[in-house]
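Please examine the sequence and the structure shown below. The briefing that follows is arranged by topic for a reader new to this model.

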Amino acid sequence: MQKLTSQSEWIARARAVLPAAGFGNFDPGIVIASGEGSRVWDEDGREYVDYLIGSGPMLLGHGHPEVMEAVLEQLPKGMTFFANNSKGIELAEAIVEAVPCCEQVRFVASGGEADMYAIRLARAYTGRDKILKFEGGYHGMSAEAQMSLAPEARVNFPQAVPDSAGIPQSVAEQMLIAPFNDLAAVEALLQEHDDIAAIVAEPLQRIIPAEPGYLQGLRDLCDKHHVLLIFDEIVTGFRLAYGGAQERYGVIPDICTLGKIIGGGFPLAALGARADIMAHFDKAIVGADKWLMQLGTLSGNPVAAAAGLKTMEVLRRDGAYERLRDIGGRVQKMQTEALHAAGIPHQICGDATLFDIWFTDAPCRDYRSARHDDPARNATYNAALRAHGIFKSPGKLYPSLAITEADLNLTRAGVQAAVEALRA
Ligand SMILES: Cc1ncc(COP(=O)(O)O)c(C=O)c1O
């Protein structure tokens with residue numbers, strides 16, 4: 001009989017061939033062997049209720065039968081063509097139908113790529129270079145996005161601080177950084193700088209909600225100063241509502257980026273906007289000077305498009321978002337009740353469809369105030385959840401539609417154990 005490779009052997013093998021022992025994404029101390037529905041299993045066969053769900057894409061759960069069927073139907077017809085294909089065209093139609101700001105979309109392979117092109121598109125459209133970004137806002141790995149994502153140092157606004165080595169100083173000079181949820185700071189920057197192309201924002205910044213009126217305030221300021229508003233909806237798209245955060249909050253950006261759910265677990269992302277903005281991808285309309293060159297080997301991949309289309313079809317069915325909010329609300333409640341009973345200061349931050357616990361009762365409205373959280377408590381709590389079969393990232397909990405009553409019961413037991421670990 002073939003000997004199974006243990007998780008620790010996989011970890012050792014990873015350490016030899018992967019820098020920092022992993023893919024750069026997640027704790028390399030666990031190697032996932034498989035997933036089905038709401039559960040994942042590690043290489044030692046330990047089972048977990050999955051609230052990481054691939055960092056967001058697997059909203060329907062792993063191996064959803066209808067998504068599998070759509071993928072298996074596409075596979076023998078071809079895996080990638082580079083040329084236009086009907087599945088990609090249908091997916092573009094479905095996105096345009098769903099997402100208010102999108103009259104047209106352009107496909108790419110990852111969310112970070114979509115954000116990079118959204119920023120470039122705003123520059124091409126306005127003819128200006130500067131980008132206003134919020135401290136702590138995450139927009140992938142481009143040089144611009146790596147400015148003041150998770151700075152250790154507290155520099156004065158609007159100075160940009162690179163989070164990564166290898167980024168030229170000249171990029172920082174094109175970025176203006178503001179605190180989230182502070183309209184006066186944004187207004188002052190717009191008054192001072194007349195060369196801003198766009199404001200790029202996560203409408204739910206990581207898990208920090210926009211305060212009432214804030215997103216509309218950004219919209220109004222952008223209109224007043226003829227600056228484009230980009231919503232990064234890589235996470236919020238098709239999660240906060242079928243039409244994303246823009247539908248849920250009723251504020252329509254000029255450009256948005258989408259990823260994760262629209263690829264149904266495969267590498268696919270997109271950016272979308274009004275047709276006059278998207279015209280910059282069409283040399284015949286805007287001419288060579290204003291044309292934004294863009295192509296990618298896997299863009300509009302038919303397998304990813306088939307998975308995304310089927311995922312979206314399932315999400316359109318009656319009650320999907322009510323159910324997701326109900327599941328998320330129940331997971332929130334079981335945590336607050338247990339922490340409250342133990343007298344541990346905390347708050348739930350986020351939306352019922354995406355949230356986490358912060359171990360502070362001080363208000364969290366931007367990157368700096370969110371740092372009042374207690375990292376040691378957070379680490380203890382998350383480690384205890386993992387030890388009790390609850391799988392999540394240290395900064396987010398993603399409910400999925402695959403979660404069952406049995407999963408919620410296991411989650412409640414895991415939460416009780418994690419709260420006990422905090423009291424120990
Ligand atoms: C808000 C946001 N933007 C962009 C990205 C980057 O997407 P990707 O990892 O597909 O490049 C992420 C990834 O989590 C994200 O959360």
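**Overview**

Ala-20 is situated in the loop between α1 (7-17) and β1 (32-36); helices (H or I, at least four residues) and strands (E, at least two) are DSSP runs, numbered from the N terminus. The model is predicted, with local features requiring pLDDT of at least 70 and side-chain atom pairs counting only at pLDDT 80 or more, while totals for chains, interfaces and linings use all residues. Residues are numbered from 1 along each chain as its sequence is written, and side-chain values use heavy atoms, with hydrogens and water left out.

**Backbone features**

- Ala-20 has a positive phi of about 55°, although it is not a glycine.
- At 76% relative accessibility, Ala-20 counts as exposed; exposed means over 50% relative accessible area, buried under 20%, and partly exposed in between (1.4 Å probe, protein chains only).
- Phe-238, which is not a glycine either, has a positive phi of about 60°.
- Phe-238 lies in the loop between β10 and α8 (244-249), and it is buried, with a relative accessible area of 0%.
- The peptide bond that leads from Phe-157 to Pro-158 is cis, with omega near 5°.
- Pro-158 belongs to the loop between β5 and α5 (169-172).

**The ligand and its surroundings**

- The ligand is surrounded by 13 residues, of which the closest are Gly-111, Gly-112, Arg-206, Asp-232 and Lys-260; a residue is near a molecule if one of its heavy atoms lies within 4 Å of it.
- Three nonpolar, five polar and five charged residues make up this shell; Ala, Val, Leu, Ile, Met, Phe, Trp, Tyr, Cys and Pro count as nonpolar, Asp, Glu, Lys and Arg as charged, and the others, Gly among them, as polar.
- Helix α4 (residues 111-126) contributes the largest share of the shell, three residues.
- A polar backbone atom of Gly-112 is 2.7 Å from an oxygen atom of the ligand.
- An N or O atom in the side chain of Asp-232 is 2.7 Å from a nitrogen atom of the ligand, and a polar side-chain atom of Asp-115 lies 3.4 Å from a nitrogen atom of the ligand.
- On its own the ligand has 390 Å² of accessible area, and the protein covers 79% of it; accessible areas come from the Shrake-Rupley method with a 1.4 Å probe, and for residues only the protein chains shown count as cover.

**Helix α6 and its two sides**

- Val-186, Leu-189 and Leu-190 are buried in helix α6 (residues 183-192).
- At the start of α6, a side-chain oxygen of Asp-182 comes to within 3.3 Å of the backbone nitrogen of Ala-184.

- Ile-199 is part of strand β7 and is buried, with a relative accessible area of 0%.
- Leaving aside neighbours within four places in sequence, the contacts of Ile-199 include Val-186, Leu-190, Leu-218 and Ile-230.
- From C-alpha to C-alpha, Ile-199 and Leu-176 are 9.3 Å apart in space, and they are 23 residues apart in sequence.
- His-226 is found in the loop between α7 and β10 (228-233), and at 60% relative accessibility it counts as exposed.
- His-226 and Ala-197 are 29 residues apart in sequence, with 8.4 Å between them in space, C-alpha to C-alpha.

**Two further polar residues**

- Gln-7 lies in helix α1 and counts as buried at 6% relative accessibility.
- Leaving aside neighbours within four places in sequence, Gln-7 is in contact with residues including Gly-29, Ile-30, Asp-42 and Arg-46.
- Arg-325 is located in helix α12 (residues 320-341).
- The side chain of Arg-325 makes a polar contact with the side chain of Asp-351 (3.0 Å); a polar contact is a pair of N or O atoms within 3.5 Å, where within protein one must be able to donate a hydrogen and the other to accept it, and residues adjacent in sequence count only if both atoms are side-chain atoms.

Technical notes: Contact means heavy atoms within 4.5 Å.
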